[in-house]
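Here's a quick tour of what sits inside this protein and where it opens up. Have the structure loaded and follow along.

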Amino acid sequence: MKNVKSWTPYADLVVKNGKIYTVALTIDEIKAGKYDFPILEGGSVAVKDRKIIAVCPRGGDGAYIGPDTKVVDVGGRTVIPGIVDSHTHAMWTGTNLMSVDLSGCKCKQDMLDALAAKAKTVKPGEWVQGLKWNQLSWTDKEMPTRRELDRVCPDNPCYCVRLCYHIAVCNTRALELAGICEDTPNPNGGVYDRDASGALTGILHETGAMTPVASCIPEFTTEQYVRVIELMGREFNKNGITSIIDANLAPEQMRSYNEAKKQGKLHYRANLMYFLDDARGTIPEHLKRLEELVVTGGFGDEMLKLNAIKILLDGIPAVGTAYFREPYKHMPETRGFTTITPEELKLVARKAQEYDWQLACHTVGNAAADVALDAFEAASQISDVRPNRHYLIHHPWPCADQLPRMRELNVGVPVQTTIFHFMGECAILREDQARDGYSCKTYFDNGITVGGSSDSPIGSYDPFLSMYVACTREDSDGVVWGPEHAITPTQALIMYTKNSAFFSHDDDVLGSIEVGNWGDLAVLDRDFIAGDIHDIKNTRVDMTFLGGELVYERADA
């Protein structure tokens, strides 16, 4: 009888001699308070056909290395799972690189000067766009007006979005192109700001008012969008990010994602959110579209798939549009509002459950979260094929009575700590809100899945800055708010890996370094888990692997 040699599955890639933070935990274990997982000193990860086939202790990788295996010795450096950003706006971030960055302005005049300089570089009639202005961080705290923009952009329509992306300011020419005049009533889900005399100031509140102006700006072509996707892939990979949930997408942007994938220019796992934009139709019209779609949530593959339906349910505190249980400190005459009625949201939630979609609701105010939880509860009465994971986006101020409901309904929250870091809203909030806001620890302690996310371009897509803020509670001025709400670096890593994968139903294949998972890895220049907590924000990525393919390597690593 002949000897039969057994086949050894050589790996395509072996990353060896690393300090491997596996994050090998289940979501249920994390909810129960388990944060310890195997850490392999001098360990290796073997990847074949884009998936992990072995996670080896020191010296245990020999069986997986063949003549064609790419072996990367990381020299003891830290290796973590590819980072997952559970709520971002990749398309916005990329297209905004074409606009004037106003984030460095110290006063209103700085903003006007920057726009005037831009206007001199474009042809008459071309749009001048700006972004990330924030009057709360200015010395004069004064809102810009259309008349001021008229003076610096006399021959161009001008449109500038605030840091929060819930407010914009435009000049008269832009209003005229949108057909908005002094007699134009406020649209659904938005407000055209007016002065004491009733004249338009040019300030636009929420998407209902912003979209009529923004839609006049010439749309990007598919080719341009593909370039944006390729650009953002480089930026994400540079930061160790291998998977995202991209929100608020228009149909043409979703089509461009598919084109980028066909051209081999999609270098991150993209989960797309279908945005029920009130500027594109009423709730009944959107529900009809959902019924007519031949695809549902989860449709796609490991690189590109549909994730959820997004509803922008309320606004932000800075202008009193977030919906709270109590009146605002700086605007005691209001508690804010929701963009659609509670009954409309219940209709959407039931339809989402019926057609196997997740529903994700932007809820900044705690009263808005009440409305969303009521809708999720109504939807839970409908049987589904895939257990849905409806979730609240932001929800920085949860109430004690909401936490048990969220846990029971399996509702998670992607939190954006860099919004807390940069927005400068603490000054207008009540003391308890400033102290307790954006507490990732509250969710960890209550067994609720909290994901790491940037909400870029509103927050920074640097995940290590976000982790730093979550661990220190420090804002951009160096002030520490509510240090009792700080989490550990290990929890921060869990938040940006395994927990974030929960929101795209990928926690069984992403977010941890385990056999059977996709081979998404990030090699770091330091051990931010065991090192100085104040050094977390300085972490740099040396290499990023997507499905075992090297998609980024730092030149000076």
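Throughout, two residues touch, or are in contact, when they have heavy atoms within 4.5 Å of each other. Keep in mind that this is a predicted model.

**Ile428**
- You'll find Ile428 in the loop between α13 (417-422) and α14 (431-436).
- Its relative accessible area is 14%, and since buried means under 20%, Ile428 counts as buried.
- Leaving out residues up to four places away in sequence, Ile428 touches Leu136, Pro317, Ala318, Lys329 and His330.
- Glu285 is 143 residues from Ile428 along the chain, and their C-alpha atoms are separated by 38 Å.

**Nonpolar cores**
- The largest nonpolar core has 112 residues; Tyr159, Leu204, Tyr257, Tyr268, Ile311, Leu345 and Leu359 have the most contacts inside it.

**The largest pocket**
- The largest pocket has a volume of about 1,200 Å³.
- Its lining takes in 39 residues, and Trp92, Ala214, Glu219, Tyr225 and Gln253 are the ones nearest its centre.
- By type, the lining of the largest pocket splits into 20 nonpolar, 12 polar and 7 charged residues.

Note on methods
Residues numbered from 1 in each chain as written. Predicted model: local features only at pLDDT ≥ 70, side-chain atom pairs only at ≥ 80, totals over all residues. Heavy atoms only, no water. Core = buried A, V, L, I, M, F, W, Y, C linked by side-chain atoms within 4.5 Å. Buried < 20%, exposed > 50% of the residue type's maximum accessible area, 1.4 Å probe, protein only. Helix = DSSP H or I, 4+ residues; strand = E, 2+ residues; numbered from the N terminus. 1 Å grid on protein atoms, 1.4 Å probe; cavity = no way out; pocket = protein on both sides within 12 Å on 5 of 7 lines; lining within 4 Å. Points joined across faces, edges and corners; volume = space filled by probe spheres on them. Nonpolar A, V, L, I, M, F, W, Y, C, P; charged D, E, K, R; others polar.
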